[in-house]
Number of protein chains: 4
Amino acid sequence: MADFWNYVESPLIDGLFWDVWYNDQAITSKEDRNILYENRMLGIPRMRQVKVRNNSCTVHDEFRRTFSTCYDYFSSASEDTEPFGLGTGTAWTYSSPEKLDTSSYWGWLGTYGGGGFYEDFSIHSKETLEKIKVLKENLWITRGTRAVFIDFTLYNANINLFCIIKLTVEFPPTGGATPSWDFLTLRLLSYQSKYDYFIFACEILFIFFIIFFTLEEVREIIHFKFRYIRSFWNVLDLIIITLSYACILFNIFQFVKLSDVLQGLLNQKTTFANFDHLGRLQVDYNNMEAIALFFAWVKIFKFISFNKTMSQLSNTLSRCAWDIAGFSIMFFIVFCAFAQLSYLLFGSQLERFSTFINAMFTLLRILLADFDYDAIERANRILGPLFFVTYIFFVFFILLNMFLAIINDTYSEVKSEISSRKDFEVSDFLWRGVTN
Amino acid sequence: MADFWNYVESPLIDGLFWDVWYNDQAITSKEDRNILYENRMLGIPRMRQVKVRNNSCTVHDEFRRTFSTCYDYFSSASEDTEPFGLGTGTAWTYSSPEKLDTSSYWGWLGTYGGGGFYEDFSIHSKETLEKIKVLKENLWITRGTRAVFIDFTLYNANINLFCIIKLTVEFPPTGGATPSWDFLTLRLLSYQSKYDYFIFACEILFIFFIIFFTLEEVREIIHFKFRYIRSFWNVLDLIIITLSYACILFNIFQFVKLSDVLQGLLNQKTTFANFDHLGRLQVDYNNMEAIALFFAWVKIFKFISFNKTMSQLSNTLSRCAWDIAGFSIMFFIVFCAFAQLSYLLFGSQLERFSTFINAMFTLLRILLADFDYDAIERANRILGPLFFVTYIFFVFFILLNMFLAIINDTYSEVKSEISSRKDFEVSDFLWRGVTN
Amino acid sequence: MADFWNYVESPLIDGLFWDVWYNDQAITSKEDRNILYENRMLGIPRMRQVKVRNNSCTVHDEFRRTFSTCYDYFSSASEDTEPFGLGTGTAWTYSSPEKLDTSSYWGWLGTYGGGGFYEDFSIHSKETLEKIKVLKENLWITRGTRAVFIDFTLYNANINLFCIIKLTVEFPPTGGATPSWDFLTLRLLSYQSKYDYFIFACEILFIFFIIFFTLEEVREIIHFKFRYIRSFWNVLDLIIITLSYACILFNIFQFVKLSDVLQGLLNQKTTFANFDHLGRLQVDYNNMEAIALFFAWVKIFKFISFNKTMSQLSNTLSRCAWDIAGFSIMFFIVFCAFAQLSYLLFGSQLERFSTFINAMFTLLRILLADFDYDAIERANRILGPLFFVTYIFFVFFILLNMFLAIINDTYSEVKSEISSRKDFEVSDFLWRGVTN
Amino acid sequence: MADFWNYVESPLIDGLFWDVWYNDQAITSKEDRNILYENRMLGIPRMRQVKVRNNSCTVHDEFRRTFSTCYDYFSSASEDTEPFGLGTGTAWTYSSPEKLDTSSYWGWLGTYGGGGFYEDFSIHSKETLEKIKVLKENLWITRGTRAVFIDFTLYNANINLFCIIKLTVEFPPTGGATPSWDFLTLRLLSYQSKYDYFIFACEILFIFFIIFFTLEEVREIIHFKFRYIRSFWNVLDLIIITLSYACILFNIFQFVKLSDVLQGLLNQKTTFANFDHLGRLQVDYNNMEAIALFFAWVKIFKFISFNKTMSQLSNTLSRCAWDIAGFSIMFFIVFCAFAQLSYLLFGSQLERFSTFINAMFTLLRILLADFDYDAIERANRILGPLFFVTYIFFVFFILLNMFLAIINDTYSEVKSEISSRKDFEVSDFLWRGVTN
Ligand SMILES: [Ca+2]
């Protein structure tokens with residue numbers, strides 16, 4: 001925790017407040033608060049912490065005599081909302097998430113609420129340092145502190161991008177500290193250039209196209225009724241349309257929200273600029289858009305089976321789908337068995353095996369030759385190498401090859417069928433020629 | 001060795017004794033000996049060394065005139081049990097493993113006995129530093145010292161976990177020092193929460209299930225007699241049952257042992273907390289449990305061959321088992337030949353080829369694309385690259401593909417058999433229809 | 001930018017001007033300006049910058065009140081050619097690319113023009129430092145500066161090699177700085193040794209051979225007319241001949257150009273040695289030569305199908321070419337779909353996915369087991385692992401195996417055909433024997 | 001070069017002369033010159049340099065006015081044997097390789113002769129430092145110096161091992177310095193323990209066995225005459241026997257040589273201990289032994305084809321040998337074409353492609369997923385990625401799969417043949433039963 005205060009006092013403050021130009025002359029206008037010379041800070045940074053109550057966990061009977069305090073992992077049930085320290089000001093009294101208009105944050109060691117004890121920095125580095133000094137000397141970070149967040153937002157006028165930054169330090173109940181960061185770069189405002197009018201025209205076109213496409217599908221649904229849903233391609237169409245509508249709605253909602261935030265910010269420059277919800281919206285929007293586009297790509301396959309070679313290939317893939325699926329289940333069971341084994345053998349020693357899911361990903365990465373054998377050997381000097389050899393032999397040497405065997409066999413089948421059918425067609429053709 | 005003392009005097013002592021809170025105020029109650037603010041040390045740390053006698057090895061005749069001393073690798077036969085230095089106190093007189101109740105330790109460079117010369121630290125950093133100074137000035141570490149161990153145990157009340165720590169520095173007879181560490185995290189005490197009652201209920205249920213399962217298998221054994229052992233699934237059942245009983249017994253034994261240790265510790269706080277045996281038990285228990293669960297996973301395959309696809313796949317695997325096994329032997333011989341070659345060529349230069357077993361694992365890792373070609377080239381500039389190309393060509397390009405060829409061929413066979421059998425069944429069915 | 005000036009003042013100047021020998025005695029002849037003791041600097045280094053105009057981009061309406069300046073990425077349209085600072089001298093007034101005889105440079109963040117504001121260093125370190133000080137104190141690097149180049153050329157007489165060095169620091173409109181370098185090592189002068197006469201003879205021979213080869217192909221073209229172009233081998237011949245002529249021309253042009261530059265340089269030693277065009281020529285020449293040789297290697301295959309095994313193998317490859325090509329298209333579509341997905345999901349977080357092309361290369365490298373899974377997981381904690389597993393399963397486990405299935409099947413076909421043809425030939429032969 | 005002298009004066013001297021024990025008390029007996037407390041230095045270290053003459057290369061006409069000196073790469077023809085500097089003593093006058101009894105050394109940048117200018121250190125650190133100071137102040141290292149060697153030998157009595165150490169710094173004519181090292185660990189003396197008598201007995205047994213084996217093969221040669229050499233297994237036997245004899249002879253020769261060196265060393269302790277030839281012998285001996293053992297492993301295959309599975313597998317491998325060989329040639333041609341291309345494209349930028357051989361190994365490592373794509377992209381931003389994709393597609397996706405196709409097809413053939421043959425045998429057997 002001493003390290004944390006050292007970080008806040010020197011590199012953080014120096015990084016946030018660039019007071020001098022490179023020839024050591026102070027930058028003239030105090031209003032120009034730029035980072036890396038080109039990025040303007042919007043509003044002021046905010047430092048917030050969440051705490052848990054003492055006795056939020058129960059100490060075992062045997063140790064109850066020697067341990068009087070116990071601080072659990074963070075959970076909304078065990079959150080500490082009592083004033084502490086100086087007892088006045090936002091830094092020492094609890095503010096609810098609703099008041100702060102902040103959503104909860106999913107950190108590496110837990111999910112933290114949006115409320116807490118916060119202190120807004122000043123726009124001048126000197127005042128900020130004094131505020132921090134007060135916090136430090138009054139033991140703002142206690143043994144119950146579970147996470148400290150530092151939030152601020154930058155805007156680069158040259159390239160018209162916002163950057164929403166959240167620096168997090170998590171203090172787990174095991175002691176120690178885990179720092180992490182979250183940079184979110186957004187184009188929230190559209191340019192006023194010609195190119196933007198072109199983009200705008202495209203967006204309008206897209207909306208019309210989606211509406212037309214929807215009507216088409218509705219007609220198909222009315223016509224085919226339940227049979228409609230049976231076709232893979234129709235389901236795909238439905239998904240794409242749904243995601244497209246969601247994207248459009250998100251876009252509109254975001255535009256409205258942004259106007260609100262910016263209006264507030266431009267009126268009063270020395271408040272904290274809360275881009276929390278906007279950033280969250282944008283991330284969800286991006287993910288949805290990405291998935292919609294991915295499905296649109298998949299749709300290309302509908303139109304691709306035009307010539308013999310292509311249909312032969314896509315036939316192979318669709319025919320062996322069941323065998324592949326069946327084998328995937330078998331593969332998955334063996335994989336789970338090994339994951340379970342590795343999780344129990346190495347989980348307490350190696351971070352990469354620390355949960356069952358982690359162990360599965362680590363084993364998958366071993367198949368792709370991305371592994372640290374030395375760590376496995378160090379974790380368990382007898383069972384480690386034994387596990388490794390067994391896994392490589394059964395999964396890498398044998399099971400992985402089954403995928404290939406299935407595909408290979410199906411391809412041969414499909415090809416011989418097609419060529420025999422072609423022969424048939426040829427003979428059929430000849431027959432017709434004869435009978436004519 | 002100067003480095004060792006430097007380490008002990010500064011980072012170790014600072015790390016073990018956290019005297020001040022982050023605002024540089026001394027922590028009030030001296031009783032609160034926490035590390036990383038949250039972890040309580042149980043008892044006091046102990047530093048122990050094992051030595052070998054002078055003349056534990058024989059110097060060659062040619063050099064006998066110039067070399068008067070000779071210290072071998074550690075072995076119980078060559079262990080030095082004579083008092084030395086000041087000659088009094090546990091630090092200078094030998095204590096037997098029985099007296100210390102410590103088992104032997106398998107380090108990286110050898111296996112060290114549980115006895116030796118030890119010094120228990122104090123609970124205050126100042127006293128401890130003085131003790132260390134005495135040891136250092138009286139040359140506690142001699143040329144015969146083969147390993148120094150620092151043992152202590154932490155308890156984190158927040159998450160109810162013990163952490164048994166053993167820091168080791170090995171001094172091989174070649175000179176130099178090899179540090180290593182051993183962290184063992186254990187949940188030895190069960191909570192008093194509701195969740196724990198649920199776990200307890202599950203354990204009781206598990207015991208009843210295992211007993212029922214045992215009776216079932218006993219009945220089968222009586223019925224089938226010797227034929228019982230021939231089935232792979234029955235052998236698997238036996239293994240699972242045996243391992244389960246062992247786990248249950250371990251669990252009970254551990255509970256009893258822990259009560260003893262904790263009782264002693266809570267009564268007298270300034271002694272060394274010997275969790276040596278408990279940790280060892282827990283490790284064995286974990287490994288056994290892991291293997292039992294792995295076999296339980298494998299049992300799923302007994303129930304999986306329900307539909308055509310699945311049985312076709314498991315048929316393929318079981319049928320090519322003999323061919324795979326046969327080829328594995330051939331593969332292993334070629335592999336051994338290359339391992340032998342690489343061991344003799346690079347063993348004296350590269351740590352990864354320093355033993356035959358190491359060389360085998362290194363070659364296996366080359367197949368998985370985890371290798372350091374530059375080191376091989378550096379070790380032998382002509383034969384290194386030659387060896388590498390030969391190995392890659394024969395083993396990676398050719399032999400590894402044989403596994404695939406075997407599986408591929410067997411799969412084709414099984415599939416064509418099944419489809420022909422199906423044809424047969426269909427025709428059989430038709431036949432019956434005709435004859436009826 | 002302070003970092004940039006620090007770099008220029010100390011490591012750069014120290015590196016460029018080696019004034020003392022290792023026993024701290026000043027090197028006697030001031031004329032001997034060697035780097036690393038052995039490399040002579042030709043002429044003097046030049047430092048040049050390119051700038052963009054203020055208001056080269058438009059600030060959004062909402063922020064127009066607070067942002068008065070806006071500097072875009074570099075483009076020739078937005079380049080600043082106005083004098084600034086002191087307003088006199090080459091460092092403060094614009095020189096056009098034609099005047100500087102410098103071509104534009106393709107940096108990591110954009111393409112920069114060949115003109116700009118430059119300052120030639122002196123041959124003495126002291127004078128140079130003073131020049132730099134003037135630049136620094138008059139704020140030579142402004143917020144509009146987009147790149148600074150430092151150009152110089154070394155010559156090593158021992159091994160007769162030129163080294164053209166361009167150190168670049170790019171200042172993007174986002175703030176920050178991106179350093180890069182460009183070392184080009186050239187053998188521009190041929191030795192006067194015996195070996196060079198041999199090379200010269202080879203070159204003459206090569207020219208005669210190419211002329212003969214050309215005549216041959218011209219004859220073939222006249223004879224076959226349009227059918228000529230249909231053969232793969234003829235097209236290959238044409239490409240090789242064209243590239244060879246281009247190489248010869250380049251070589252001659254370079255020789256003439258070099259004489260000019262060296263003549264100017266030897267007459268006046270304290271000017272900047274402009275090897276810009278020569279280096280550019282040489283790079284193009286090398287690439288052309290490399291490609292010509294590659295095609296020449298491919299031509300070997302024309303002559304290789306001499307025995308049964310070889311023709312069987314090359315038959316297999318040429319026959320499955322269409323299937324491979326067809327499947328490659330399918331593969332490419334799936335690949336693009338995944339690249340699009342990963343680009344949108346991770347593009348704003350990870351540099352490796354920052355463009356669509358980058359995303360494609362990153363996915364290709366995942367197939368080759370060169371990836372950073374942790375970064376993917378950090379970028380998107382839910383969709384990241386999901387994407388990874390989906391990609392590995394569909395592309396690595398399934399699609400990649402299709403290539404193998406196609407080749408495998410074609411090989412079996414070709415082999416059985418050849419052996420049946422052989423049987424036929426044998427029976428044919430027998431038949432002839434019978435009928436005779 | 002200043003860096004070189006700094007290294008020699010401080011870390012090297014401190015490392016070679018351990019004067020104090022860890023409690024800062026000087027080690028009593030000055031005779032005990034141990035490194036890392038346990039390793040005795042034999043004799044004294046020697047520092048030797050080799051130089052080339054000025055004007056060992058020719059400067060180009062154009063530059064002859066400005067360059068008066070020219071120092072080539074090292075070759076025995078251009079070696080400088082003139083006295084220089086102080087002109088007296090071994091450090092300033094040339095000693096021939098015969099006088100120094102040192103063989104030439106193959107460094108990273110060339111092969112250096114065994115002669116040169118050398119200075120033997122003293123057994124005391126103070127005297128040594130003075131010697132070095134004299135060398136430095138009189139410019140011992142000149143612009144013609146091409147390599148400096150520091151040779152010494154350690155002996156560890158505890159484990160009876162010699163360690164022959166050669167530290168090398170090469171000064172190429174391009175400027176700069178390339179340090180490298182050579183550690184050779186040898187068991188030159190055999191123990192006087194019981195285990196050694198057992199080893200000795202084994203060696204005697206081995207010699208008798210080899211003699212018996214030789215007689216056997218001689219008999220076979222006499223019997224089969226020229227047909228003998230046609231069998232693969234007989235050739236293997238010959239190779240193994242020849243290598244075995246060579247190993248035995250080496251062993252004897254080494255024993256004699258070692259006695260000489262040690263005798264001289266024990267008589268006079270303050271001379272340089274020349275283990276140069278002994279080390280060289282041992283390396284050759286080890287390599288020969290390794291290869292002999294590798295061939296002995298291969299012999300196991302002679303005896304392995306005992307049951308059906310094994311013979312089926314070895315049949316497959318031996319039958320597809322020709323196809324594999326044929327394809328390997330094709331593969332090699334394509335591989336060479338790509339290696340040539342990459343060598344010319346990236347050779348001047350990337351060390352890994354700096355020679356044709358290096359380029360081949362780098363491409364091989366790309367197939368094994370050990371590559372640095374970023375470096376390739378940096379070296380040539382357009383052709384680099386293009387080359388990479390082309391190479392991966394043609395070689396990794398297509399050609400590599402041909403190996404598998406060949407093996408797969410041959411295995412199917414062999415298996416169906418064997419099973420048909422078995423059917424035949426069965427029917428044959430039935431037939432016999434019928435006719436009986
Ligand atoms: Ca592979």
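Are Phe338(D) and Tyr391(D) buried or exposed? Both residues are buried. The views below come from a predicted model.

View 1. Phe338(D) and Tyr391(D) form an edge-to-face aromatic pair, with 5.2 Å from centre to centre and 70° between the planes.

View 2. Phe387(D) has 4% relative accessibility and Tyr391(D) has a relative accessible area of 0%. Both values are under 20%, so both residues count as buried.

**View 3. One aromatic cluster contains residues of chain A and chain C.** From chain A come Phe327(A), Phe331(A), Phe335(A) and Phe403(A). From chain C come Phe393(C), Phe394(C), Phe396(C) and Phe397(C). A search of the whole structure finds 128 aromatic pairs over all chains.

**View 4. Charged side chains sit over aromatic rings.** The ring of Trp106(B) has the charged end of Arg381(A) over it, 4.1 Å from the ring centre. In chain D, Lys51(D) lies over the face of Phe117(D), and the distance to the ring centre is 5.5 Å.

**View 5. Strand β5 of chain C is covered on both faces.** The strand spans residues 117-120. Phe117(C) and Glu119(C) are buried on one side, and Tyr118(C) and Asp120(C) are buried on the other. Strand β2 (residues 39-51) of chain C runs antiparallel to β5(C), and 4 bridges join the two. Arg46(C) stands opposite Asp120(C) in β5(C).

**View 6. Chain C superposes on chain D by a rotation.** In general, two copies of a chain are related by a rotation about an axis and a shift along it. Here the rotation is 90° and the shift along the axis is 0.0 Å, with an RMSD of 0.1 Å. The two copies are therefore related as by a four-fold rotation axis. Within chain C, the C-alpha nearest the axis belongs to Ala369(C), at 4.2 Å. Only 5% of the interface residues of chain C are also interface residues in chain D, so the copies meet through different surfaces.

Key: Residues numbered from 1 in each chain as written. Chains lettered and ligands numbered in written order. Predicted model: local features only at pLDDT ≥ 70, side-chain atom pairs only at ≥ 80, totals over all residues. Heavy atoms only, no water. Phe/Tyr/Trp six-rings, centres within 6.5 Å; stacked < 30°, edge-to-face > 60°. Buried < 20%, exposed > 50% of the residue type's maximum accessible area, 1.4 Å probe, protein only. Lys NZ or Arg CZ within 6 Å of the ring centre and 35° of its normal. Least-squares fit on C-alpha atoms with pLDDT ≥ 70 in both. Contact = heavy atoms within 4.5 Å. Pairing = 2+ DSSP bridges.
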